[in-house]
Each structure stands twice: as C-alpha cells, then as structure tokens.
Amino acid sequence: MSTEPETTESAEPGKPEDAVRSGTPTDRPDADGPGADEPSADEPSADEPSADEPSADEPDAEDAPGTEESPDPADTTEPADTTDSTDTTQPADTTEPAAAEGSPQLSEAEAELLAQKLERERIEQRKAEKKGPIASGTKLSGPAADLLAAVRAVESGEKPVAAVFDEPRPAPRRAAPEPVRRPQPVPAAPAAPDTPAPQTVDGVRRVLTAGSAPEALAPQVAAALGEGAEELLREDPWQLLRVTGVRPEQADGFARALLGAECRPDDERRTRAVTVWLLEQAALAGHTALELSALATALARQGVPDADAAVQSTLAEGEALVFQDALDEAGARPGPAPSATAASSAPPAAAGDSADDTEGEEEGEEERPVRVLVGLERYALAEESLADGLARIVNSLSKEPSPEWEAAAAAASGSTAELIRAAAGHGLVLHTGGEASRAEPAALLTVARGLGLRAVAACHTPDGRRRFAALLGAEDPVVTVPGLLAGTEGPGRDAEGALDLDVLVVLDAPQLDVEGAAMIVESLPDGARLVLSGDPAVLWSAGPGRVFADLLAARTCPQVASRTPDPGPLGELVSGVGIGELNQVDAPGKEVVIVPVRDAGEAVHRTVQLVADSVPRALGVPPEDTVVITPGHGGAAGTRVLNAALKERLNPGPGRFGGFDPGDRVAYSPAPGRTVPGQVVGADAEGLHLSSADGAVVVPKERVEQAVRHGWALTAHQAVGSRWPAAVVVLPGDAAQALSRPWVYTAFGRGERHLSVVHGVEQALPRAVAEVTAKPRTTRLPVLLRSQVPAAQ
C-alpha cells in the first residue's frame with residue numbers, strides 16, 4: 001500500500017469546536033425526549049433495546065434484544081426534538097382518493113409511503129380471508145402452552161381473560177385454503193398526507209406540559225395517536241412510547257407526573273406499551289420477531305415484574321402475534337410451517353399432530369422441538385406474504401426448455417451462461433457477486449429484451465441505476481426499487497394490478513427488507529421471472545429481515561455465483577476482506593493509502609486535508625466526488641463533527657436556512673432506510689430546495705430537521721448501494737467496537753478509483769475483519785419457505 005499523497009498543509013490536528021464528545025462514535029440525540037434532563041438511576045444494560053440508538057453503524061445498536069446491525073438513525077428513526085433525525089410517522093389519513101385530472105403530481109416519497117400503506121392493507125385483508133387456524137409446529141408444555149391457550153381462548157371470545165387459565169383447551173381446527181390474491185394498483189396522484197389538526201396539537205401540548213414533557217413533542221404525539229390524542233394520552237400516559245425516540249424511563253416519568261400514586265411498574269398499560277416498544281426496537285435491529293425467552297429477559301430489564309403476564313396482555317389486545325416454529329433436528333418428524341394467524345389463535349393442540357394423526361408413525365421417530373416467537377403483526381404478515389409470493393413465482397413458470405434461451409446461453413460463457421440457463425427454466429434465481437459481476441445480469445437483461453420479453457432492472461439507489469444503465473448503454477429498462485414500488489418509475493401495472501413485465505432483475509438484493517420484498521413479489525404477474533442479484537458480504541437491509549441471506553440459506557431455487565473478480569488493488573483488498581483477510585496490496589497508482597492517526601482530533605484534521613487538498617492534487621478527484629465514511633453520527637469523529645469541519649473548509653456560511661447554505665452537500669432521507677445524496681439550491685416559504693439524482697426536491701420546512709443532514713460524511717449504511725470515485729474511511733480509536741467484517745467490506749468498497757483509510761484503531765481492524773461477522777437476525781422466512789417450496793436439487 002502507498003503512504004499518504006504529499007501535502008503542503010500542516011499535519012497538526014485541528015480541534016473543531018463542535019465536537020460533541022470523545023470516547024464513542026455512537027450517535028446519541030442531543031436530547032432524549034421527555035425527562036431527558038433528569039438522569040435515570042436505572043441505566044439500561046448492554047442487552048436492552050434503545051429507541052434513540054438504533055443504528056448498526058453505532059455500537060449501541062446492540063441495546064436491542066438479540067440485536068443485529070441496523071441502519072443509522074437518519075435512515076430510520078430518531079426523536080423529533082433532536083438535531084439529526086428522520087420523521088418516520090405514518091400519515092394518519094388512510095383514504096385513497098382516485099387520481100383526478102388536475103390533481104397534484106405525485107412525489108416519490110408520498111407515493112412510496114402510499115404503496116407501503118396499500119401493501120399493509122392488502123395483507124390485513126388477506127389475514128381476514130383466512131377461514132380458520134392453520135395447524136403448525138408441535139406440542140408445547142409449561143408456560144408457553146399456558147400462554148398460547150390463554151390467548152386463543154380470549155381471541156376466540158369463548159372466555160374472558162380472568163377465566164381462561166382454569167379452562168381446558170378448545171379442540172383444534174383445520175384451515176381452509178387461501179384464495180389467490182392480486183396486488184392492487186397504486187393510484188397515480190394520491191392526496192398529500194394530513195397533518196394533525198391545530199386543536200389536536202394544542203390539546204396534546206397541554207397534556208405534555210402537565211406531565212413535564214417537552215412541548216416540542218406535541219406534533220409527533222398528535223400524528224402518532226391521531227384524533228383524540230389528548231384524551232388517550234391522559235388515560236394511558238405510556239402511549240407516549242409510540243413516539244419515535246421516547247424511552248421507557250422517560251414515559252415512566254411522564255406517567256408519574258400525570259398519575260401520581262396510581263403509577264405502578266406492573267400497570268397493564270405500562271407492560272403492554274413496553275412490550276410493543278421492545279418489539280419495535282428489535283425490528284430496528286433487523287429482527288422480524290423475538291424468541292419468547294429473549295423478550296421476557298428484556299422485559300425484566302425494563303422493570304416489568306411479570307413478563308408472562310405482559311406478553312399475554314399484549315397478545316390479547318392484538319398488538320402482537322405469537323408463533324411456533326419447528327426446528328430442524330435429525331430423526332424428528334416434519335410438520336407444516338406455522339401461520340401468523342394460526343399461531344395467535346389456534347389452540348396448543350394445533351401446534352402439532354393430534355393423537356390420531358400420530359398413529360402409524362415409526363416408534364423411533366421423535367417430534368421436532370419448537371421455538372416460540374413473538375412479533376409485530378406488520379412484519380409477521382409481510383414475511384408470510386413474501387413466502388407465499390415466492391412459492392407462486394417458483395411454481396408458476398413453465399419448466400419446458402426453450403430453444404431461444406438455450407441458444408442465447410450457448411453464445412455466452414462462464415457464469416453469464418449459467419445465469420441465462422437458470423433464468424430460462426426457473427421463476428426465481430439468485431445471483432451473487434461483486435461490482436464487476438453486475439455485467440452478468442446486464443447480459444441477461446439484454447438477452448431477455450432481445451427475445452421480445454418485457455425486462456426491467458431495479459437498483460437500490462439512483463447511483464446504482466446510473467452504473468447499471470451504463471453497462472446496458474440505455475436508461476430505459478433501469479429503475480430504482482423505491483420508484484418501482486411507488487409507481488413513479490417502471491413499466492406501470494396491468495388491469496389486475498400486477499407489474500406489466502415478464503422479467504425483473506433486482507440489483508443490490510441484500511438491501512431488501514421483508515416489507516419491500518413482499519411488495520415486489522406480490523406485484524409480479526404469474527409466469528414472471530425474478531432474478532435477485534447482489535453481494536452477500538455487504539451490510540444487510542435497513543429494515544427488518546435478511547431476505548437475500550435467508551433465500552441463499554434455504555436453497556429453494558438455483559444460485560449462480562459469479563466468477564468475475566473485481567479488478568485492481570481495490571478489488572483485491574475488498575475481496576480479501578470478504579473472506580476474512582486484511583491483505584496488504586500493491587498500489588502503484590496510490591489506489592489505496594493508509595493514514596495513521598493518534599486520536600479523533602487528528603482524524604478529523606487529516607480527513608479534511610485529504611478531501612480538500614491531497615486527493616484532488618494527487619489524483620485529480622475533486623472534493624464533490626469524494627465520500628467520507630465513518631462508523632456513526634456521534635462521537636468526536638462522527639458524521640456531525642466531520643460534516644461541520646468539511647463545511648467550514650469547503651462551503652463556509654452562516655447556515656441561514658435551518659443550518660444549511662446554498663452549495664451544501666446533503667444526505668436527504670425521503671423515507672426510513674433511504675438516503676439520497678444531494679445539494680442545497682436555496683430555500684423559500686415552501687421549504688428547502690435540493691438538487692439530487694432523483695431530480696429537484698423541496699423539503700417542507702417542518703421536515704428539514706428530521707429529513708436532511710449534511711452529506712460530505714456518511715455512515716456505511718447511508719452509503720451502501722452507491723459508489724464514488726474516491727472514498728475516505730475514518731476509523732478513530734473509539735470506533736473499534738463498531739467495526740465488523742460487513743461494515744469494513746461495505747465501507748472499503750465505496751471507492752471506485754481510490755481509498756484512503758484514516759487509521760486509528762490499530763489491531764482492532766484486522767481483528768474485526770477476521771472474527772466479527774454479521775450479527776444474526778431472527779426471521780421466519782426459511783421456515784415458511786420450507787413448507788411451500790422444495791429444496792433445489
């Protein structure tokens with residue numbers, strides 16, 4: 001590797017005045033919501049979920065029960081009264097007026113939110129169509145069986161909550177087959193989401209004042225609780241936990257101020273709210289459900305005296321679902337996969353075969369053990385919908401050999417030919433590889449279009465769309481996944497609401513979460529081909545689930561591993577990281593440069609020096625074509641401090657537009673988990689005007705604080721899916737605990753021509769590459785797939 005390019009600037013580290021604090025790269029909001037000015041004596045343990053620290057790019061993301069790496073808060077959620085957060089509140093209006101002539105033009109963010117809402121409504125309708133519970137899993141005993149029996153009796157209306165525990169279990173029922181479903185088309189011009197009425201906000205503000213909570217939370221609370229929020233909050237102060245960023249100890253302080261002596265740790269309202277909050281934190285960490293034991297442990301850490309009663313109350317109110325998933329074990333008798341509705345309503349006897357069903361089984365055969373999971377309904381049903389849709393795609397395509405496809409495959413070579421042959425005879429194909437391997441799905445798309453098929457490619461980001469279109473030599477068949485789902489890009493939909501295409505190639509597939517993947521799959525017509533392509537070594541999706549990794553592990557369809565290596569010293573370095581090796585590579589053209597630093601202050605100084613002077617002078621890459629990547633938003637060398645230092649050097653100004661000036665480089669988050677790089681153009685009464693790869697964007701002034709950050713420096717989750725000519729990866733000493741192999745792989749792979757590593761973690765970097773793999777996520781997709789799709793031969 002080369003040393004740092006020559007520079008005439010002093011290497012004396014600067015001391016940015018806006019450094020929040022040193023010692024951790026963790027992104028902590030400037031305020032912690034209600035009661036933030038009162039330090040709590042009961043600090044959460046390392047395993048406790050944290051609402052204001054959900055980022056995987058930050059070490060404290062491990063606070064969620066059984067956590068996995070999750071996205072940075074700008075891409076997900078943070079409290080509204082903090083300086084760098086994203087408003088993820090869903091619009092209260094659920095109406096869907098048909099598009100009329102002269103209606104306002106659909107914005108991508110609004111269309112994407114509406115598409116997600118329509119998908120959730122479709123899933124709700126699907127659940128209602130179920131005729132009865134679906135038998136699944138095997139028998140339970142002890143507290144788990146008591147829990148399931150209680151919930152099912154209450155939900156069926158047979159017994160009140162107080163009486164169920166002394167009653168026998170009801171007899172099992174069989175489920176009716178599910179009818180064939182079609183996704184509904186997305187309206188072309190939906191109405192803008194309603195904002196809370198001023199009187200509703202004023203009423204909430206009065207309650208917050210009475211409870212000594214920040215009045216600034218009033219709009220968020222009103223949006224989250226809707227009409228009647230004032231009365232609801234007075235009756236149940238713990239509803240404050242529905243607001244992004246509010247923690248249980250803060251809600252407890254608010255409840256004590258309102259309820260006085262009536263506020264108790266075992267209050268049923270509190271235990272339900274904390275249970276739901278923990279499940280939400282688990283979703284931010286990537287889980288679609290939590291094991292019952294993990295949830296009970298997390299509840300105990302939050303001071304809930306009876307975890308079982310808390311879960312029972314939450315299930316009885318329909319705020320969560322419980323499942324029984326059979327675990328694979330040698331010699332065990334297989335059973336059907338569980339259903340979300342069945343697991344929450346069927347009696348325990350339905351979890352396994354009845355005594356009559358087991359007659360005739362071999363004596364040596366044992367029943368499979370099960371795990372009991374609890375999850376939020378939206379993610380559970382999205383995962384089931386995804387499994388159903390994948391099974392439909394796999395089973396609907398004719399497997400008859402096609403001479404045209406075979407001729408196209410014969411004309412290709414290597415893994416490109418393998419991919420074409422796999423797509424010719426299968427509805428679902430998985431393709432893995434690095435940046436150079438994208439030429440293979442590009443060749444497949446060209447073949448499909450040459451055969452007269454309607455073929456489209458969808459990428460995670462606008463930059464990914466640009467790079468893939470360059471391989472094709474045409475912009476027409478390439479869209480972004482958000483644009484495709486929102487209906488603002490792509491082929492449109494047919495009369496039945498399905499996408500009007502025959503082949504869909506999804507690039508950056510590891511970035512699909514369960515809800516986005518379910519929307520894509522359910523939107524495909526029967527007989528369509530779906531190719532999921534991506535690099536399995538990068539960071540997983542911002543939202544819950546690990547769809548691509550689960551499909552690879554399930555082996556239910558053909559998998560084509562590219563044999564096209566990424567070229568040059570950068571490709572060699574990143575490829576080594578992918579297999580757990582941090583190799584020294586020859587970089588005669590200064591493709592890779594290591595810059596040692598002693599502390600965070602020097603790391604900030606050297607980063608500014610590299611971006612503004614060294615890289616442009618030595619390599620000819622201007623500052624606007626260089627990205628800075630660091631593990632988190634907070635800390636003495638996080639994105640906040642780095643962006644402040646870079647703005648002072650590259651575009652100084654007073655920040656008269658909510659902290660921004662024309663020419664500022666920004667990261668705009670139109671929806672949770674999405675980051676669109678852009679630049680500030682100006683501001684007026686309408687809001688902040690940005691230019692981006694998505695076109696001109698106007699961010700309403702009330703959303704600027706939550707949706708826009710300065711964007712010279714990003715986290716790895718914000719940068720995934722995009723590439724720049726040069727990348728500067730900053731690793732201060734306090735970032736060691738945040739590093740993992742997927743993080744390093746993702747960060748080092750963002751540079752096309754050059755990578756500078758500002759290195760202050762010493763041996764923590766090779767240790768993370770060799771030993772710290774992706775944290776597991778609890779999902780149900782593999783279990784659901786096994787019951788519907790046989791393993792590929």
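1. Contact here means heavy atoms within 4.5 Å. On that basis, 75% of the contacts in the protein chain with a separation of 6 or more come from residues 24 or more positions apart.

2. Ground rules. This is a predicted model: local features need pLDDT of at least 70, side-chain atom pairs count only at pLDDT 80 or more, and totals for chains, interfaces and linings use all residues. Residues are numbered from 1 along each chain as its sequence is written, and side-chain values use heavy atoms, with hydrogens and water left out.

3. Overall content. The protein chain has 27 helices and 21 strands. Both are DSSP runs numbered from the N terminus: helices are H or I with at least four residues, strands are E with at least two. Of the 793 residues in the protein chain, 59% are buried. Buried means under 20% relative accessible area, exposed over 50%, partly exposed in between (1.4 Å probe, protein chains only).

4. Helices α3 and α4. Helix α3 spans residues 198–210 and helix α4 spans residues 218–225; they pack at an angle of about 115°, with axes 8 Å apart. Axes are lines fitted to C-alpha atoms, for helices over the stretch in contact, and angles run from 0 to 180 degrees between N-to-C directions. The pair is therefore roughly perpendicular. For reference, angles under 35 degrees count as roughly parallel, over 145 as roughly antiparallel, 65 to 115 as roughly perpendicular and the rest as oblique.

5. Their interface. The crossing of α3 past α4 is right-handed, the near helix being turned clockwise from the far one by less than a right angle. From α3, Thr200, Val201, Val204, Arg205 and Leu208 make the contact; α4 supplies Ala218, Pro219, Val221 and Ala222. By class, that is seven nonpolar, one polar and one charged. Nonpolar covers Ala, Val, Leu, Ile, Met, Phe, Trp, Tyr, Cys and Pro; Asp, Glu, Lys and Arg are charged; the others, Gly among them, are polar.

6. Helices α7 and α8. The axes of α7 (residues 268–284) and α8 (residues 292–301) come within 10 Å and cross at roughly 120°. This pair is therefore oblique. The crossing is right-handed. Val274, Thr275, Leu278 and Leu279 of α7 meet Leu295, Ala298 and Leu299 of α8. Six of these residues are nonpolar, one is polar and none is charged.

7. The five-stranded sheet. It is open, with parallel pairing and the order β12-β21-β20-β13-β19. Pairing requires at least two DSSP bridges between two strands. The edges are β12 (592–596) and β19 (713–714); each has a single partner strand, so one side of each lacks a neighbour in the sheet. Inside the order, β20 (residues 724–731) and β21 (residues 751–759) pair in the parallel sense over seven bridges. Leu731 stands opposite His759 in β21. Helix α25 (residues 741–748) lies across β13 (626–629), β20 and β21, at about 145° to β20.

8. Leu714. This residue sits in strand β19. Its relative accessibility is 3%, so Leu714 counts as buried. Val628 is 86 residues away along the chain, yet the two C-alpha atoms are separated by 6.1 Å. Beyond four places in sequence, the contacts of Leu714 include Val627, Ile629, Thr639, Ala667 and Trp724.

9. Thr461. The loop between β7 (455–459) and α16 (462–472) holds Thr461. At 4% relative accessibility, Thr461 counts as buried. Not counting residues up to four places away in sequence, Thr461 touches Thr480, Asp508, Val720, Gly721 and Ser722.
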